[in-house]
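I opened this entry to note what I looked up, in the order I looked it up.

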Amino acid sequence: AGVRLADDDRLAEVTPGNPFLDEVIGGLSATPKTLPAKYFYDAEGSRLFEQICALPEYYLTRTETALLREIAPEIAARIPDGAALVEFGSGASTKTRILLDAAPQVSVYAPIDISPTALDEAAASLRADYPDLIVAPLVEDFTQALTPPEGARGRPLVGFFPGSTIGNFAPDEAEALLRQARALLGEDAMFVVGADVAKDPAVLIPAYDDAQGVTAAFNRNVLVHINRELGGTFDPAAFAHRAVWNAAESRIEMHLESIRDQIVMVGDHGFRFAAGETIHTENSYKYRPEAFEAIARRAGWTVTRRWVSADPTFAVYILAA
Ligand code: AVJ
């Protein structure tokens, strides 16, 4: 169940009821135009995102990884024997290894990700390196997942949601997502969540507009994904990458700005762009720790523990159901 994309290299059927098509048509018909951020992650987008994680300007991955290494023993001490680790939006599962190394009592790893190629590669590589671990992946949009992957069921569950992926959701959506994760993980669950912290825009902006242009390519890749799977006619070179700090909303926004007047087809729908008109492609909310914890509490979680790194700040929270 849930959103299932076609294999990354095949053309999806362009039929009403295809959620990818429906959401793209809906977003491009809106004023201002928008596209859902989850559609960055086809095979190429997942590769570009891994490249972003290694950029000098993109402090998030490096900072969270160092923090997780430091606190892994404290997290591991709270994980019960035979637990299943359920990861939301797992991608390449790089940070997962830090927890698995610190907590050998974890018996099952159950990653949920929208990209089948990223999930396959991550599962194969973890099975090779952790021969005693049961790897039970689920290809699904994690916002649509209502039950844990099979193989995790009946075990004590530990949710893992690193990388500030929660930042892609507006505060009310983040609250709904945390509430849904609590329902999925069940009564005695714990949830380890990593979220970026609001800071000087002079640090934030370059993290989303790097010198090498990898983030620009990542942003434009959503158009390539639409062209391939929905028969779109976007010229990615006709859109400029923009990253802006919206202080009132405490979020980085990514946009694609049309560099000229143009008409783009998606299936049999035509969309007119004026020069300078933008598609809003992503929000990355940055929370003060108190603000994040208030959202977690409204979603029904108890905040057990919080760690915030030295500058550039990044936070990891342990929540209890
Ligand atoms: C994967 C959502 C955490 O918002 O920082 C990276 C995605 N966008 N560069 C983020 C992203 C542009 C990333 N998240």
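I am working with a predicted model, where local features need pLDDT of at least 70, side-chain atom pairs count only at pLDDT 80 or more, and totals for chains, interfaces and linings use all residues. I number residues from 1 along each chain as its sequence is written.

Ligand. I listed the residues near it (C-beta atom, placed from the backbone, within 6 Å). Among them are Ile-52, Leu-60, Tyr-208, Glu-282 and Ser-284. By class I count 3 nonpolar, 7 polar and 1 charged residues in this shell, with Gly taken as polar.

Helix α2. I took helices (H or I, at least four residues) and strands (E, at least two) as DSSP runs, numbered from the N terminus. In α2 (residues 43-53), Gly-45, Ser-46, Leu-48, Phe-49 and Ile-52 are buried, meaning that 20 or more other C-beta atoms, placed from the backbone, lie within 10 Å of the residue's own. Down the axis of α2 these buried residues fall within an arc of 160°, so they line one face of the helix.

Strand β6. I found 5 of the 5 residues of β6 (residues 157-161) buried, so the strand is largely enclosed by the rest of the structure. Leu-157, Gly-159 and Phe-161 lie on one side, and Val-158 and Phe-160 on the other.

Neighbours of β6. Strands pair if DSSP finds at least two bridges between them. β2 (residues 83-88) pairs with β6 in the parallel sense over 4 bridges, and Val-86 stands opposite Gly-159. β7 (residues 190-196) and β6 also pair in the parallel sense over 4 bridges. There, Phe-191 is the bridge partner of Gly-159.

Definitions and conventions:
A residue is buried if 20 or more other C-beta atoms lie within 10 Å of its own, exposed if 12 or fewer, and partly exposed in between; C-beta atoms are placed from the backbone. The arc is that of the directions from the helix axis to the C-beta atoms.
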